[in-house]
Each structure stands twice: as C-alpha cells, then as structure tokens.
Amino acid sequence: MAVQINGFDDNKRRISTQKLLQQIYAALEQGETSFEVLSSGHHDIGGPLWTSDGAPLAFTVKNPGQRVGSFGLDGTDILVEGSAPADAGWLNAGATLTIKGDSGDTTAHCAASGKIFVAGQVGTRSGSLMKHDPAFSQPELWVLRKTGSFSFEFMGGGLAVICGVDCEEFDSVLGDRACMGMVGGTVYVRGPVNGLSDDVWLVDLDQADQAFLQAGLPEFLTRIDRSELLDTLSDMGQWKKIVAKTYEERNAKDRISIREFRLNKWVEGGIFGDIVKDDYNHVACLVNSGDDRLKIPHWMEKRYAAPCQSSCPSFIPTQDRLKLLREGKETEALQLVLRYSPFPGSVCGMVCPNLCMDACSRRFLDTPVSMKQLGKLSIDIPAPACAADTGKSVAVIGGGPGGLSAAWQLRLQGHAVTVYEADRHLGGKLWQVIPTERLPAEILEKEIERILSIGVKAELNCKIDRALFDKLRQQHDAVVIASGAHNPVVIPFPGHERLVKGLDFLKQINAGERPAIGDRVVVIGAGNAGMDVVLGAYTAGAKKVIAIDVQRPAAYQKEIDHVKSLGGEIRWPVYTEKISEKGLHTKDGELIEADSVIISIGERPDLSYVPTEWLTDRGMMNVNGCWQIKTGQERIDNVFAIGDTTRPGLLTNAIGHGHEAADYCSDFLNGLEIIERKKPEVIPQHRLSKELFRPRNRGRLQVNDAREETTRCISCGTCRDCSFCLEACPEAAIRRIEKEDGSFEYVSDAHLCIGCGICSGICPCGIWTMEQVV
C-alpha cells in the first residue's frame, strides 16, 4: 500500500518543498517504496532517490511543481496525474516518467537515460541538450501531440518521438527553429514539419526505425491510456526522422565570391540595404587608413585621473609631481603640491593615512610609491606668488586644517582673508591633539608660517557667537565656516560623569600638561583618535592601556601596530554596562580595572552661532555640492561650510574641502556662475601596461629619497613622454609635437594610421585610446 505524502499541513496550508521532501526521505528510511504525493507546486519530486537493496520506487503525483523527475534514477517510476510545469525529467538519469497531460518548457532537458512519456504537448526547448553515454541506455522522449519552438536544440544523443496527433492545422509540430545546433540523436516525427535548422536532415525511416516505433508505441500508448491510437500511429508511411548532419556535411557550403556578394547581396533590399548606401565606386582594402579604419587612436592626456590622485581627498596629482622630477624640474615639482594643500609635510608626510598609497597602481608590482617621503620634500619650499589683489575679502571661521586650506587657496587667488580662531594657536586638531611624536611641532610651525607669509591674517582667541557671526557676514564679501567638531560624544552609561573626554585629554597633553590618570587606563573607542589617546595616556605616565570597541577597530593598521608595540591592548567587541570607581564594567559581567576611563568615539560641531534652518536633522551644516549653505530649495551664495561641520572625516578630507570651497567661493567673488565640478574618472587598471615596468624586490626596496621614485611611478593617465608609441607604430604614423609653452603632444596621421591599436597596447600609462568606428 502506498504511503500518503501530503503537501498541506493540518490547517490546510501549503508546506514548503523542503518539508515535503523530508517526509519522502523519512518514509524511505523506514523501507517504504511506493508513494502517493498530493502536491501544490512542490518541486524536485521523484529524484534522485534509491533504496539500499535496489528495490524499485513508485510515485503517483498530483499538481507537481518544476523539475518533477529531475535527476530520476534507474528503478524509479513516476506517474503524474495531469499536467506538469517546466523542467519535467530534467537531467533524467534512468527514471520512467509518465505525464498524463501537457508538460512545460524544457521537458527532458539534458536527459541522459530513462524514458519520458507525455500524453499531450511539451513546451519550448524541450529535448534540448539530450545526450547519450554508450555505457547506459539511450534517453527517450515520447510526446503524443507537438513541441514548442527551439525543440531539440543542441541535442547530442537519445531518441525522441513526436506523434503529431490532432495537429494537422499547425504549420509545424516541432515549432519554430527546431534542432538548432543538433549534433547527434534521432527525432521521429509525424505531421507537418517546417523551419528546421540547416544542421539536420529530414529523411525517410529504414527498417530499424520502423521496428523501434512498432516496439515502443504499444508501451507509450498504454501508459498514457490512449491504446486506441495504435493502428493510426502504426502507419509507418506517415513518419519521418530527423538526424544531424556530419561535420563534413555541415561545412560543405557553397560560397559566393566577395564581388558576387557585394553586387547581389549588398544592395537595396539586401540584408544591409536599409542602413548602408553603397556608391559601388569605393572598395575598402583589408588593411585601411583614413575613414576606412575600424578603430581610430586618440592621445587622451589627462582623460583619466591616476588612482593616487582620485583617492586623495585633496586630489593632489602625485603623478605630475614625479613627472616634473623626472624632467629635472625639482622646484616646480615641490611647489606643485602647494597648489593643492598647504600641509605637504605635516599631513601628507606625517599624519595622513595616505589613501593614495592604498590605491597606487605600483602596488600590483611591488610596493606603492612613497608619498610620505615625497610630501616631506616640500616642507621648506617657499610659498608661490599670489594673484593680483581682487579687492574682495573673506572671513574663514576656524583655523584648523580645513579653514587654513581654504584661506591659503583664497589668498593665492588674490582675495584678502582673515581667519578667526577660538584657540590661542592656529592649526586646529593638528596642533591640539596629534601627538608630537607623530607630528613634530617644528614642522607644523613652518607650514603655518608659510600660510601667514602670503598675507593671510589671523584673529586668535576669537570665539564666534551669533552676533559676531552676523557682523562678519556684513564686513566680508563671503564667509567660509570651518570651525570643526570639538564637542566630544559621551554615551550616558551609569557613571558617565567619571569619563574623561578624549579630545580634552589630548589638548592637555599637547599643551604640555600631564593629567593625573593613574597607572591603568581604559580607552573607549579604537579608531585613529582612540589610538592617539592611547599614546597620550602612555605619555602621561600610564603603565597599562586597554582600548575597547563594539566593532572591529577602525584605526589604520600602522596605528594599531604602534600602540601594541608600546604594550597597549585592543579588545573588541566589548559592550560597556557602566563606569565605577573600580573601572569599566562590561555587559558580560567583566570588570576591566582602571584608574581612568577615557572616551574617544567622535566629536560633534558647535554650530550655535548659525541659524538653525542652516542645519540638517543631525545638527550638521546643510550644504550642496559646491559647499554652499542650502535651506530647502534655496542656497546662500556667499556662505560656505566644510570639514567636520558638514560630516565627520579625516584631516585630509577637510583640506580637500577647503580647496574645493575656495575655488567655488572665488568664482562667486569674481562674478562667475558657480557650477559643481566633477572629478575625472579614475583610470581602469586594464588600460595600463604594467608589464613594461620591472618589479623590485620588496624585501630589499627601501626609499630614502623620494626623487628615486620617479622611475617606479607608472604615471597613470599622464604621458611619460617615453616615445614607445612613436617607435612601435608599424606605419610611422605618430609624431611628437613640441608646443611654444614647452608642453608636447603626440598625434596620429589619419592618412598613415591603419587603426591596428599597437600604440594603445604598448602605452604604459593608458593614454592612447582606440575609438570604435560605428
């Protein structure tokens, strides 16, 4: 007696396919071999299943889902009461599948053995990829009526029988484009056939074919309960068979000459006549120049940004600096960076995480170009000359890296600039919180002095309130808000009043004070600022410092390594429950003993001096893409905000913001329309011919002088003037043109160029680009 497998639970709700199949597996484990399955679209019923003793399996299925009988094995008999959806018998490996109705698309797809009987019709691509392993019996597909289009596509073996019953009115019982790519197997067909692939023959049956049909039809018709059709279908004169052409037959094609094709096919009404007009006078050669080229080369200097430049928040073109050094123009090279940042030594050379090095293309060969060494070369370089005075003045609120960057750029462009700083010293967090072992004070002092040397004025100890802010707006033609974020975030744990604020602590350390924090210190927060707090704690005399975080530490690895080298410990994830006089209590019940607990999880800006409608819901300055203040759909043309007042970021982010805001502010002051500038796309790595550069041994590579990096820089997107393209061009179509200003360009002569693409392939820097002619 068959086991009942129900696709519904006690509340008559459909269960998942997984649960239904688990019922079948459990019954198999108990020795059951006969199943009646009431399904509701459950898929994969009937295979691949077997018994340990080889006993046959029998399934009767109602309302199956996709892939009924898929992977069915020898000894499995599946009867579907009614129709089946797509993929019935997919990858059949020996099962017998009977469907007493229609079957969906891709029936018997990839079948390798077994038999499939269908009492109706089958859908699109049925029989596709059927195949035959000589070690096993051939797969068979028997269909009473017809198939959908693309049937028996790429068939490689097996037998199919399409009876064509009640299909006389159809143009073809095999649908459209049947047997495309067929290379093996046999399809027996009865009824009209049209639209067959050129890969096959439609031929008469021989005695062996007739014997196969006469032997198989009785079983087929009995299984689908249509035995009354046996006499009708036994008339062998109504049958044909389809077989694949041999390799030689498929390739024995009559070919017309090119001239015949051009004169008889490439004409009005021909395959391309509606889109191409031919004057019948000009014939392109196999190798062409001029307008007949399929591809045209273009020397696209600076079309793409180098990865180092694109990843640098200040957008410093390091590849241009190294190019100038390569050309022997050292002063120009070292001054170039000052057009982008006033802090090449302090930030690029000392405290920047150097995102440019993380992106450097050279890392795929050995190690990135040493940007830190390059930045330090510009510490003592004098400031460039300023443009003529414009008569315009700008107030910059905040003397940190962002504010000083904006002031620097605006003064270079000829505007009068005054920086209003609340502290007693310019530099912001560079001066206040970065440990001097990371940023020596004398280097920062030199670069601040360079900023002041070009005429930037500074008002120190000047805290801005609303009244003073309004006054500054009246006194100046524009205002740049760069006051940073100096209000430490404190989470209100029980005992939070015992917490030491990390920013205040670092300011004390950098001011030369030595706060009493005891021997044991816990730092909440393991970002880069948290690592600075750890260093400050050791400077203040702590003997053991533990930094904790709720997530993977966000600090850069070199900062983490430095802390660990001092004996510091970093633990995560750790969740704080409370702070007591004994230390920090975690939510796991652990006490981390500490004399002081310092919190360093970020800061928020104090923007109490600006109108509240200028702020976002999170209390940050609301700016557009040009760093102008926006209020709803309106913008305030002459007020800009940058850095941590708009969103948290790195010091170098603030410097980049300052440069961008200064450019937009200068446009405003000069009466120009302010339009957001889009940065160039970063050059794709596949455009670079890195194989032309010799890798260095990483273990031996030491950079003591950044001037040595000129040969290692790949100069991504910027021409090295190596002349490889000029020398390699097989048609000598490329020329180098020197311009009056000392610059140069490479050009390709269209009359000589054949569009071969060698220039593009050999260019180490990705400058030459091949345009596909449409």
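Predicted model: local features only at pLDDT ≥ 70, side-chain atom pairs only at ≥ 80, totals over all residues.
Is C312 buried or exposed? C312 is buried, because its relative accessible area is 9% and the cut-off for buried is under 20%.

**Stop 1: the cysteines**

A search of the whole structure finds zero disulfides. C312 is in none; the nearest cysteine sulfur belongs to C356 and is 6.0 Å away. A disulfide would need two cysteine sulfur atoms within 2.5 Å. Now select C348. C348 is in no disulfide either: the nearest cysteine sulfur, that of C352, is 6.0 Å away. C348 counts as buried at 14% relative accessibility.

Next, pick C308. This residue lies in helix α6, residues 307-311. C308 counts as buried, because its relative accessibility is 9%. Show its surroundings, leaving aside neighbours within four places in sequence. C308 is then in contact with T318, Q319, C356 and M371. Draw a distance from C308 to R14. Their C-alpha atoms are separated by 57 Å, and the two residues are 294 apart along the chain.

**Stop 2: the domains**

Zoom out and color by domain. Domain 1 covers 102-251, domain 2 covers 393-485 + 605-669, and domain 3 covers 488-602.

**Stop 3**

Show the strands from β1 to β11. Eleven strands form an open sheet with mixed pairing. Trace the order: β1-β2-β3-β4-β5-β6-β7-β8-β9-β11-β10. The edges are β1 (3-6) and β10 (200-203). Each has a single partner strand, so one side of each is left without a neighbour in the sheet. From one strand to the next, the twist averages 15°.

β1 and β2 pair in the parallel sense over four bridges. Select V3: V3 stands opposite F35 in β2. Now color the two faces of β2. F35 and V37 are on the covered face. S34, E36 and L38 are on the uncovered one. In a regular strand the side chains alternate between the two faces of the sheet.

Move along to β4 (residues 76-81) and β5 (residues 93-99). These strands run parallel and are joined by four bridges. Select I78 to see L97 of β5 standing opposite.

Helix α1 (residues 17-29) lies across β1, β2 (34-38) and β3 (57-62). The helix runs at about 160° to β1. Then show helix α2, residues 207-223. Helix α2 lies across β4, β5, β6 (113-118), β7 (140-143), β8 (156-162), β9 (184-190) and β11 (239-244). Its angle to β7 is about 65°.

**Stop 4: S341**

Select S341, in the loop between α8 (330-336) and α9 (344-351). S341 is buried, with a relative accessible area of 1%. Check the polar atom of its side chain: the backbone nitrogen of F343 lies 3.0 Å from it. Leave aside neighbours within four places in sequence, and S341 is in contact with I316, W408, Q409 and I655.

**Stop 5: the sheet of six strands**

Now show β13 to β16 with β27 and β28. Six strands form an open sheet in the order β15-β14-β13-β16-β28-β27, and the pairing is mixed. The edge strands, β15 (457-459) and β27 (628-631), each pair on one side only. Here the twist averages 35° from one strand to the next.

Focus on β16 (residues 478-481) and β28 (residues 634-641). They pair in the parallel sense over three bridges. Select I481 and find A641 of β28 opposite.

**Stop 6: S483**

Finish at S483, in the loop between β16 and β17 (487-488). Which side chain makes a polar contact with the side chain of S483? That of Y609, at 2.7 Å. Leaving aside neighbours within four places in sequence, display the residues in contact with S483: I397, G398, D606, L607, Y609 and T645.

Terms used:
Residues numbered from 1 in each chain as written. Heavy atoms only, no water. Domains from an automatic or database assignment. Buried < 20%, exposed > 50% of the residue type's maximum accessible area, 1.4 Å probe, protein only. Contact = heavy atoms within 4.5 Å. Pairing = 2+ DSSP bridges. Axes fitted to C-alpha atoms, helices over the stretch in contact; angles between N-to-C directions. Polar contact = N/O pair within 3.5 Å; in protein donor to acceptor, adjacent residues only side chain to side chain.
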